[in-house]
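This report is intended to be read alongside the sequence and the three-dimensional view. Please keep both at hand while reading.

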Amino acid sequence: MDVNIPFHELDFSYARSRGPGGQNVNRTNSAAILRWNPAKSHAFSPEVKERLLHKLANQLTDEGDILIRSEEHRDQDQNRSACIRKLQALIKKALFVPKKRVATKPTKGSVRRRLEGKKIQSEVKAGRQKVRV
């Protein structure tokens, strides 16, 4: 599923970065903080939105926002792009539906091999016991 969130729904703020940059880090606000509210978003249908809110419940703030911070780059624009990529990956992971497992019967040969293995193991353990007279 392709994740396309309108840019106007994303709220960016900037802060001092703890990442690389030397003395420049102390002067520039290069860390990007992305705030997005999935409940108020118009990018998804109500069913998809409900699934998102359920899957991401432990990552939501009290206001229902998702916060993503990026400070791995020295550039504010790169950090903003990294935040968007992280959000897309998070949403993609939350919307992934695993395939249902189809139950199958074990083959006759696998059942036979399992039982033979159990019998051999039983004989090995029986040989370790004391001989009773």
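The sections below treat selected residues and contacts of this predicted model.

## The aromatic pair of Trp36 and Phe44

Two aromatic pairs are present in the structure. In one of them, the ring centres of Trp36 and Phe44 are 6.3 Å apart and the ring planes stand at 70°, so the arrangement is edge-to-face. An angle over 60 degrees is the cut-off for that description.

Both partners can also be classed by accessibility. Trp36 has 0% relative accessibility and therefore counts as buried. Phe44, with a relative accessible area of 9%, is buried because the limit for that class is under 20%.

## Glu9 and its surroundings

Glu9 belongs to the segment before β1. Its relative accessibility is 16%, so Glu9 counts as buried. The side chain of Glu9 forms a polar contact of 3.4 Å with the side chain of Trp36, the residue whose ring also pairs with that of Phe44.

Apart from neighbours within four places in sequence, Glu9 is in contact with Arg35, Trp36, Ser41, His42 and Ala43. The C-alpha atoms of Glu9 and Asn37 lie 7.8 Å apart in space, although 28 residues separate the two in sequence.

## Packing of helices α1 and α2

Helix α1 spans residues 46-55 and helix α2 spans residues 76-95. Their axes come within 9 Å and cross at roughly 100°. The two helices are therefore roughly perpendicular to each other, since angles of 65 to 115 degrees fall in that class.

On the α1 side, the contact involves Val48, Arg51, Leu52 and Lys55, which meet Ile91, Ala94 and Leu95 of α2. Classified by residue type, this contact comprises 5 nonpolar and 2 charged residues, with no polar residues.

Ser70 is located in strand β3, residues 66-70. With 0% relative accessibility, Ser70 counts as buried. A polar contact of 3.3 Å links the side chain of Ser70 to that of Asn79. When residues up to four places away in sequence are set aside, Ser70 touches Ala31, Ala32, Asn79, Ala82, Cys83 and Lys86.

Ser30 is in the loop between β1 (11-15) and β2 (31-36). Its relative accessibility is 4%, and Ser30 therefore counts as buried. With neighbours within four places in sequence excluded, the contacts of Ser30 are Ala15, Ser17, His73, Arg74, Asp75, Gln76 and Asn79.

How accessible is Asp62, buried or exposed? Asp62 is placed in the loop between α1 and β3. At 83% relative accessibility, Asp62 counts as exposed, because the cut-off for that class is over 50%. From C-alpha to C-alpha, Asp62 and Glu9 are 18 Å apart in space and 53 residues apart in sequence.

Val124 lies in helix α3, which covers residues 108-128. Its relative accessibility of 38% places Val124 in the partly exposed class. The C-alpha atoms of Val124 and Thr61 are separated by 59 Å, and the two residues are 63 residues apart along the chain.

Note on methods
Residues are numbered from 1 along each chain as its sequence is written. This is a predicted model: local features need pLDDT of at least 70, side-chain atom pairs count only at pLDDT 80 or more; totals for chains, interfaces and linings use all residues. Side-chain values use heavy atoms; hydrogens and water are left out. Rings of Phe, Tyr and Trp (its six-membered ring) pair if their centres lie within 6.5 Å; planes under 30 degrees apart count as stacked, over 60 as edge-to-face and the rest as tilted. Buried means under 20% relative accessible area, exposed over 50%, partly exposed in between (1.4 Å probe, protein chains only). Axes are lines fitted to C-alpha atoms, for helices over the stretch in contact, and angles run from 0 to 180 degrees between N-to-C directions. Helices (H or I, at least four residues) and strands (E, at least two) are DSSP runs, numbered from the N terminus. Angles under 35 degrees count as roughly parallel, over 145 as roughly antiparallel, 65 to 115 as roughly perpendicular and the rest as oblique. Contact means heavy atoms within 4.5 Å. Ala, Val, Leu, Ile, Met, Phe, Trp, Tyr, Cys and Pro count as nonpolar, Asp, Glu, Lys and Arg as charged, and the others, Gly among them, as polar. A polar contact is a pair of N or O atoms within 3.5 Å; within protein, one must be able to donate a hydrogen and the other to accept it, and residues adjacent in sequence count only if both atoms are side-chain atoms.
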